[in-house]
Amino acid sequence: MNSPEKAYFVSDTHFGAPPDSRRREEDFVRWLDIVKNDGTKLFLLGDIFDFWFSYKHVVPRGFVRVLGKLAELADSGVEIHFFTGNHDMWVFDYFEKELGIKVHTTPQEFQIAGKEFFMGHGDGLTSMNKSYLALKRVFASRLCQRMFAALHPWVGFGIAKKWSLSSRKNGKKNLKKYYRPSEVPIFCKAKLKEQHYDFFVFGHRHRIENEKIGENSQYFVIGDWIESRNYAVYSNGLFEVHNFTSE
């Protein structure tokens with residue numbers, strides 16, 4: 001008899017970003033042991049790395065414990081899906097070829113235990129922030145990616161870290177703007193007019209949100225790992241957000 005499906009979700013771990021990335025990685029590896037024990041699916045909903053670039057012949061320094069444990073889970077039969085976020089959008093085929101992890105660059109729909117899910121990182125889903133959407137198109141272009149690949153990694157990663165630090169500082173200065181009501185439920189309600197989904201699941205906003213958006217549909221933002229060690233579980237018809245503690 002097959003075990004019932006049990007899906008785990010996590011977002012915004014931002015490995016490589018201060019403070020204390022090493023401790024976050026150690027906790028994450030402990031949590032992955034829990035997933036390996038009873039999980040059938042694992043969804044990594046973006047910004048797992050504060051920055052990543054998949055070079056053709058080399059792997060960026062760091063994250064050895066995380067990458068090794070993810071490969072272990074995939075080898076054990078856990079189905080893993082990685083959604084690129086706004087910080088790690090340059091994840092290409094390395095994860096699929098070497099780790100056995102399916103990579104998605106756009107939101108996707110899944111059926112889990114008979115329920116319909118629509119999920120992704122959660123950024124850039126609406127047309128309201130046109131400047132951000134334009135910037136994403138630039139970063140997604142082959143020309144931009146080839147230009148970055150031509151830089152020495154010392155230079156490229158140096159630029160990326162400064163960009164990420166500046167973005168984080170600006171975000172902290174504008175918390176009121178960042179935490180304004182999300183535009184994503186508007187997107188979800190529009191999707192429901194096309195097709196029914198039981199659950200919409202996203203990350204990106206670094207806090208927990210839960211909203212009923214249809215007669216039988218719910219919208220979730222699952223928090224983050226960088227500060228709160230949040231993760232979500234779906235099993236036996238119930239979707240829940242939890243807080244991991246290593247103690």
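1. Ground rules. This is a predicted model, where local features need pLDDT of at least 70, side-chain atom pairs count only at pLDDT 80 or more, and totals for chains, interfaces and linings use all residues. Residues are numbered from 1 along each chain as its sequence is written, and side-chain values use heavy atoms, with hydrogens and water left out.

2. The six-stranded sheet. Six strands make an open, mixed sheet in the order β4-β3-β2-β1-β10-β11. Strands here are DSSP E runs of at least two residues and helices are H or I runs of at least four, numbered from the N terminus; two strands pair if DSSP finds at least two bridges between them. The edges are β4 (102-104) and β11 (238-243), and because each has a single partner strand, one side of each has no neighbour in the sheet. From one strand to the next the twist averages 20°, with axes fitted as lines to C-alpha atoms (for helices, over the stretch in contact) and angles running from 0 to 180 degrees between N-to-C directions.

3. β2 (residues 41-44) and β3 (residues 79-83) are parallel, with four bridges; Leu-44 has Phe-82 of β3 as its bridge partner. Helix α1 (residues 21-38) packs on the sheet and touches β1 (6-10), β2 and β10 (230-235), its direction making about 160° with that of β1. Contact means heavy atoms within 4.5 Å.

4. The five-stranded sheet. This one is also open and mixed, ordered β5-β6-β7-β9-β8. β5 (108-112) and β8 (208-214) sit at the edges with a single partner strand each, so one side of each lacks a neighbour in the sheet. Neighbouring strands are turned by 20° on average, direction ignored.

5. Around β8. β8 runs antiparallel to β9 (residues 217-222), joined by six bridges, and Ile-208 faces Ile-222 of β9. Helix α8 (residues 184-194) lies across β6 (115-119), β7 (199-202), β8 and β9, at about 30° to β8.

6. α4 against α5. The axes of α4 (residues 130-140) and α5 (residues 142-150) come within 5 Å and cross at roughly 60°. That makes the pair oblique (under 35 degrees is roughly parallel, over 145 roughly antiparallel, 65 to 115 roughly perpendicular, the rest oblique). Val-138, Phe-139 and Ala-140 of α4 meet Arg-142, Cys-144 and Gln-145 of α5.

7. Cysteines. There are zero disulfides, a disulfide being a pair of cysteine sulfur atoms within 2.5 Å. Cys-144 is buried at 16% relative accessible area, and Cys-188 is buried at 0%; buried means under 20%, exposed over 50%, partly exposed in between (1.4 Å probe, protein chains only).
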